Amino acid sequence: MGFVPRLTRPTAGNKYYIRKANGGYSNAIAGKPTDKDCNVLSNCVGYAYGRFNEIGGYGYCKYLAPVNAENFIQYKGSCTVGQTPKLGACMVWQKGNTLSASDGAGHVAIVEKVISDTEVVTSESGWGDKRVFWTQTRKKGSNGNWGAGSNYKFLGFIYNPAVKDEPKKPAVTPTVKRDTRKNQIQVKVTNLRVRTGAGTKYSSIGYAKEGYYNYTETKVANGYTWYKIATNQWIASSKNWTTVYKVVKTSVKVDVAYKKATSLTGKYKVNVKSGTNLRTGAGTNKPSLGVLKTGAIVHNYGYYNVDKTNTKWLYVKTSAGAIGYCSIKDLKKC
């Protein structure tokens, strides 16, 4: 059976949270205020000690010791310690500088969900806290203190031997450059989940970064159209967070370039603030294939045509591979 997170308080009769003197498994002191159903609560030590062993289902408290919270790592026994969050791990904070309780006893909590390497959901209790039990979302933060106050120092995660490491999730496919020749979807937010299939029933492997992704397939599920951006990687589309660019095949033909001047060969950039049209032929009367933004780069191999005013229109290729004509007046040779 896989790991089952505890998101509600322990119920009456759960021996992992009851002192041995009262028929339970715990050596911890009674909590303050003392809970009538689980008498090691309220206390972070009594809770974390019980929960760490409850996960293993040993029928007794096999690992750790109900010492001051900041000393848990000193009593880790055969358990290993690290800085990366894992399910079932015990988070340990030191309070003050001495590890002697003279300047505070620290705090402990249990990891119930791992959102990312920098965000977890914990279950906790606290000495003197009337809540007895709570869950909390904790973020590592720039100081690495996982949401604790400035007088606390995070020491590490004690890994639970009863919880096996989950297979590492595949990395979300990276963004690509905009390419008018390919079907693409643009992600405009930072919290769009990438799932292993088309639908919310599939597991999340992370978040798509802002930018463009090529897509190869679409499906409809849960009221959304889902786009396949890589093998076993799908994102849901909405006008609020994505823009879809589908290649539309047309019968528009680009005119043949009849003139050539070797001196024109080279790389050009669009040199007008408003951008310039890429057209099917020489002249503003020719259909536009799209607007090239200022600074966009195009290549010419010497070929061109002229319009009725004898203005040269260079036969160019864009960095995305599109072919057409741009007025030489709107270009500057690089």
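**Close-up 1. Ser-327 is a buried residue, with a relative accessible area of 7%.** Welcome to this predicted model. Ser-327 belongs to strand β21, which covers residues 323-327. If we set aside residues up to four places away in sequence, Ser-327 touches Thr-311, Lys-312 and Trp-313.

**Close-up 2. Arg-138 sits in strand β5, made up of residues 134-139.** Is this arginine buried or exposed? Arg-138 counts as buried, because its relative accessibility is 7% and the cut-off for buried is under 20%. From strand β5, the side chain of Arg-138 reaches the backbone oxygen of Trp-146 at 2.8 Å.

**Close-up 3. Here are the contacts of Arg-138 beyond its neighbours within four places in sequence.**

Close-up 4. For Cys-326, the nearest cysteine sulfur is that of Cys-334, 13 Å away. Likewise, the nearest cysteine sulfur to Cys-334 is that of Cys-326. Neither pairs up: Cys-326 is in no disulfide, and Cys-334 is in no disulfide. A disulfide needs two cysteine sulfur atoms within 2.5 Å.

**Close-up 5. How do Cys-326 and Cys-334 compare in accessibility?** Cys-326 is buried, with a relative accessible area of 0%. Cys-334, on the other hand, counts as exposed, because its relative accessibility is 55% and exposed means over 50%.

How values were computed: Residues numbered from 1 in each chain as written. Predicted model: local features only at pLDDT ≥ 70, side-chain atom pairs only at ≥ 80, totals over all residues. Heavy atoms only, no water. Helix = DSSP H or I, 4+ residues; strand = E, 2+ residues; numbered from the N terminus. Buried < 20%, exposed > 50% of the residue type's maximum accessible area, 1.4 Å probe, protein only. Polar contact = N/O pair within 3.5 Å; in protein donor to acceptor, adjacent residues only side chain to side chain. Contact = heavy atoms within 4.5 Å.
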